[in-house]
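Welcome, and please open the model in your viewer. We will go from one selection to the next.

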Amino acid sequence: MHFDVLFNDFTAYTAGGLVYGAIYALIALGYTMVYGVLQLINFAHSEVFMFGTYAMAWVFVLLHGTEQVQWGLGRAAPILLVSLVAAMLVSGAVALLLERVAYRPLLKKGAPKLICLISAIGASFALSEAMGLRDRFAGWVGLDGKLDNYVSNARNLYANPVDIKPHTFFTVGGYHVSDIDVVIIVAALLMMVALVFFVDKTKFGRGIRAVAQDPESATLMGVNSTRVIQVTFLVGGLMAGAAAMLYMLKIGTTRPNIGFLFGVKAFTAAVMGGIGNLRGALLGGLILGVVENWGSAVFGSDWKDVVSFVLLILILLVRPSGILGEALGKARA
Amino acid sequence: MMGTKKTARMLAVAGIAALALSACGSSGNNASDNTAGGGGGKGGCGNYSLAFMGALTGDAGALGVNMINGVKLAVDEYNQKHADCKVTVKDFDSQGSPDKAPALATQIVQDSSIAGLVGPGFSGESNATGKTFFEAGMPSISPSATDDGLTKQGWTTWHRVIGNNGAQATAAAKYLKETVGAKKVFVVDDAQDYSKGLAEAFKTAAGSMVVGSDQIQVGQTDMSAVVTQVKASGADAFYYGGYYAEAGLLAKQLRNAGFKGTFMSGDGAEDPAFVKAAGSAAAEGALLTAPAGPAPADFNSRVKASTGAAAGLYTTQAYDAANIFLAALDAGKTSHQDINSFIGSYTGDGVSGPIAFDQNGDIKQSTIWVYTVKNGQLDQENPTAIK
């Protein structure tokens with residue numbers, strides 16, 4: 001155990017953890033919203049995120065080409081904004097597709113929650129494999145030559161051709177906080193505030209809360225519950241798309257199975273904060289990101305995941321419903 | 001590709017059938033298993049095939065594709081000379097995973113047409129399957145598995161045409177100390193057999209130069225904890241044991257955090273994909289060692305003509321390994337036992353260098369080369385040999 005490593009660079013480990021935590025939190029929102037409304041865990045949500053990472057990288061290939069260059073954040077900003085929109089749209093669309101194909105037919109027939117869970121796991125594999133096999137699909141329709149930049153090395157690491165170089169924004173306790181770090185944390189917080197406003201203050205938000213509290217009564221009161229479920233999936237997808245773009249901004253590479261680890265982590269964050277609770281997802285994400293970075297410092301990087309899951313167990317032992325433990329439906333109006 | 005899958009499925013069915021048969025107690029029937037070709041041929045010309053097992057897809061898939069291209073070239077050239085007695089290649093895609101390899105190993109040893117195995121590609125899968133191949137008497141020559149321990153298991157059927165990790169890491173440490181002039185080095189690996197072996201051998205060779213070490217996980221993308229430790233240690237060099245995906249991310253995140261020292265890694269990262277993952281700016285100046293030198297000038301064009309792909313790391317080794325098996329077949333050795341002793345006493349000059357094996361299956365003579373990333377590209381033509 002190396003507590004000295006942690007304390008010597010405390011700010012560095014904390015800041016690095018907050019950046020990753022913000023990404024976890026944005027993905028966790030998708031899990032938590034769907035759980036809040038349907039009481040089921042959308043295990044395919046991790047692939048919604050994965051599709052967003054590819055959307056981001058492809059926008060760069062489309063607008064810039066495949067030449068490897070290094071840009072600052074300012075130079076890349078216009079394409080980044082386009083790719084943010086594209087990633088959110090693609091992830092949102094995949095989330096809607098999931099709802100339509102993997103959930104709605106089951107929910108209509110009143111299938112047990114367990115069946116929906118299995119359907120979600122199946123959808124997760126299907127989506128991840130579809131991305132991994134995209135070279136074959138393109139080959140079947142004779143497009144692989146034309147779309148080579150998008151489909152080659154389907155299962156391998158896919159790197160964004162533009163490498164976005166961070167610059168120091170300000171310095172805290174000897175750690176240089178980069179402009180990219182600031183963008184990620186601020187963007188995540190803004191998204192979160194916007195989402196809380198949407199759920200708490202708008203008509204659609206009221207519908208979501210109503211269905212979360214009591215689906216039958218909500219329907220009787222004239223709430224279109226199918227529509228509400230759709231919007232819930234869409235909003236979760238949009239948030240995952242934003243997370244995907246921020247992730248690519250920071251890391252710059254993706255692969256078809258990238259969703260798995262992020263899905264598990266974001267799900268952990270959602271449960272830790274109190275699943276079904278929007279503020280809990282934010283808190284859980286940030287805590288998870290920071291604590292696993294601290295754990296890497298103290299025990300070594302190979303203990304990172306052990307630390308985060310032990311933390312989850314400890315928190316659930318003390319507070320079985322998570323830190324904030326308050327369901328979506330009971331959120332203050 | 002579909003054909004391969006179908007074959008694999010049929011092989012699996014055949015394997016199950018064979019298992020069921022042997023479970024029924026038909027003993028003393030092993031002789032046919034030991035003879036390649038299944039006796040179906042005429043005049044000693046059976047339907048022989050060479051098996052290849054390695055990562056053809058997955059994160060390290062690029063390396064396995066390099067290898068199978070070498071095997072295919074060797075077999076193509078053999079078949080042109082022996083039009084009446086062609087040899088086929090059967091590929092088994094393990095994705096480089098020790099979890100997937102054992103099932104494939106079972107398929108390979110049950111296939112009586114297979115004369116020998118080029119592979120396994122990586123050390124982890126070699127460790128997981130070495131016993132199976134040894135017990136079945138299946139001769140194997142790996143083009144790329146470099147873990148030291150593999151040749152210390154007493155698997156007399158196991159060979160490799162590449163220098164092991166000990167040799168590579170010792171040369172790397174020497175180069176870093178004497179040529180680069182580094183004083184403090186931070187060592188990281190990804191906890192796999194190959195990577196750990198390389199990192200441990202490097203630590204032993206570098207001795208007091210090592211100022212710290214850490215271990216990451218395969219698939220990890222956030223390296224910030226490692227980066228912070230490297231910066232805090234004041235190291236002027238960084239050595240990574242592992243493959244290109246994580247190596248690229250490490251190089252990128254180290255450089256972005258302002259690390260100015262030398263980035264060095266081994267043959268698992270010696271691939272153009274490393275530069276892609278790191279970004280050309282962060283990869284610039286990285287030193288990547290490999291127990292493999294550049295191929296002779298005409299070799300690349302032969303590979304291109306035969307397979308349509310460019311030669312890469314391990315293509316020469318795989319070509320040489322396949323050629324040893326083909327030479328054995330040419331010399332009329334058809335049983336696994338005869339082929340194995342043929343390999344043991346083989347000496348020759350391959351495209352990768354002089355080849356002869358010691359009694360453990362290690363190659364007797366190997367040179368370690370350093371490749372550099374220059375002007376945003378991995379320079380695969382002009383490596384430096386470490387003397």
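Contact here means heavy atoms within 4.5 Å, and helices (H or I, at least four residues) and strands (E, at least two) are DSSP runs numbered from the N terminus. This is a predicted model, where local features need pLDDT of at least 70 and side-chain atom pairs count only at pLDDT 80 or more, while totals for chains, interfaces and linings use all residues. Residues are numbered from 1 along each chain as its sequence is written, chains are lettered from A, and side-chain values use heavy atoms, with hydrogens and water left out.

**First stop: two helices of chain A**

Select helix H9 (residues 203–213) and helix H11 (residues 225–250) of chain A: their axes come within 9 Å and cross at roughly 105 degrees. Axes are lines fitted to C-alpha atoms, for helices over the stretch in contact, and angles run from 0 to 180 degrees between N-to-C directions. H9(A) is therefore roughly perpendicular (65 to 115 degrees) to H11(A). Now show the side chains: Phe204(A), Gly207(A), Ile208(A) and Val211(A) of H9(A) meet Ser225(A), Arg227(A), Val228(A), Val231(A) and Thr232(A) of H11(A).

**Next stop: where the chains meet**

Colour the two chains separately. Chain B brings 35 residues to the contact and chain A brings 31 residues. Across this interface there are three salt bridges, each a side-chain nitrogen of Lys or Arg within 4 Å of a carboxyl oxygen of Asp or Glu. Zoom in on Arg255(A), which forms a salt bridge with Glu246(B); their closest N and O atoms are 3.8 Å apart.

Terms used:
Angles under 35 degrees count as roughly parallel, over 145 as roughly antiparallel, 65 to 115 as roughly perpendicular and the rest as oblique.
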